[in-house]
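User: Got a model I'd like to talk through. Can you take my questions one at a time?
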Amino acid sequence: MTEVVGNVLGGDPVMEPAFDFTAGGNFSPFTDYPTFLALSQAFEDTGVRAYKGQAGNVMENDVVLTAALSIHSVEARHASMVRRLRTKKGHDSIKGWITEGSNGTLPAATQAIYDGEENVMHGGVDVTQLTGIDSAAVTEGWDEPLNKDQVLGIASLFLA
């Protein structure tokens, strides 16, 4: 599989990293279900924004772009579903989307995942001015892309 990926994407693929889902012992995702759900939300939200951020880098290759867009939509469904599960566990204020860059009830260490989500400019237009819709609702309409360095910074919390 690594050889196929290397041929499609070009260059040499990196080795699979070792993960520490406890982030150095700061989380207990394997023994505390609410923590598992919170971290799941953070990972899925990162995935949605990461795939969106790389779309421009793979748009010249139809095979890779099709795969990336398919994964992006699945990540978005996962993100919405985990938020639904968290709502069932007592977090009634959680929506199926991100509002104004807020990490909601997640730990402060997850804020980098949501930075930039307060954007109301799309296609060079301030959507709040164009529509009269308040900024909270406008920010819920789009997921902002993350670049490679932002994704690596977020992921570094969970690399052993």
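User: In what order do the elements of the protein run from the N terminus on?
Analyst: They run α-α-α-α-β-β-α-α-α. That is 7 helices and 2 strands. Helices (H or I, at least four residues) and strands (E, at least two) are DSSP runs, numbered from the N terminus. Mind the basis: this is a predicted model, where local features need pLDDT of at least 70, side-chain atom pairs count only at pLDDT 80 or more, and totals for chains, interfaces and linings use all residues. Residues are numbered from 1 along each chain as its sequence is written, and side-chain values use heavy atoms, with hydrogens and water left out.

User: How much of the protein counts as buried?
Analyst: 29% of the 160 residues. Buried means under 20% relative accessible area, exposed over 50%, partly exposed in between (1.4 Å probe, protein chains only).

User: Which residues make up the largest nonpolar core?
Analyst: There are 8: A38, A42, I98, L106, I113, Y114, L146 and I154. Such a core is a set of buried Ala, Val, Leu, Ile, Met, Phe, Trp, Tyr and Cys residues joined through side-chain atoms within 4.5 Å. Helices α2 (33–58) and α4 (111–114) each supply at least two residues of this core.

User: What is L146 in contact with, leaving aside neighbours within four places in sequence?
Analyst: T46, R49, A50, G53, Q54, V151 and I154. Contact means heavy atoms within 4.5 Å.

User: And Q41, buried or exposed?
Analyst: Buried, because its relative accessibility is 3%. Q41 sits in helix α2. Beyond residues up to four places away in sequence, Q41 touches V82, R83, R86, I94, L106 and Y114. L106 and Y114 also belong to the largest nonpolar core.

User: Where is V58 found?
Analyst: In helix α2. V58 is buried, at 17% relative accessible area. Residues up to four places away aside, V58 touches V64, L65 and A68.

User: Switching to the surface. Which residues make the nonpolar patch of about 480 Å²?
Analyst: F19, F21, F30, F43 and L159. Like charges are joined within 9 Å, nonpolar side chains (Val, Leu, Ile, Met, Phe, Trp, Tyr) within 5 Å. Areas come from the Shrake-Rupley method with a 1.4 Å probe; for residues, only the protein chains shown count as cover.

User: How many aromatic pairs are there?
Analyst: The count is 6. Rings of Phe, Tyr and Trp (its six-membered ring) pair if their centres lie within 6.5 Å; planes under 30 degrees apart count as stacked, over 60 as edge-to-face and the rest as tilted.

User: Why is the F21 and F30 pair edge-to-face?
Analyst: Their planes are at 80°, so the pair is edge-to-face, with ring centres 6.5 Å apart. F21 is partly exposed at 32%. F30 is exposed at 62%.

User: What about F43 and F158?
Analyst: Centres 4.9 Å apart, planes at 75°, so edge-to-face again. F43 lies in helix α2 and F158 in the segment after α7 (148–155), so the pair ties together parts 115 residues apart in sequence. F43 is partly exposed at 33%. F158 is buried at 7%.

User: Which residues do ring pairs link into a cluster?
Analyst: F19, F21, F27, F30, F43 and F158.

Technical notes:
Patches are made of residues with over 30% relative accessible area and no salt bridge: like charges are joined within 9 Å, nonpolar side chains (Val, Leu, Ile, Met, Phe, Trp, Tyr) within 5 Å. A salt bridge is a side-chain nitrogen of Lys or Arg within 4 Å of a carboxyl oxygen of Asp or Glu.
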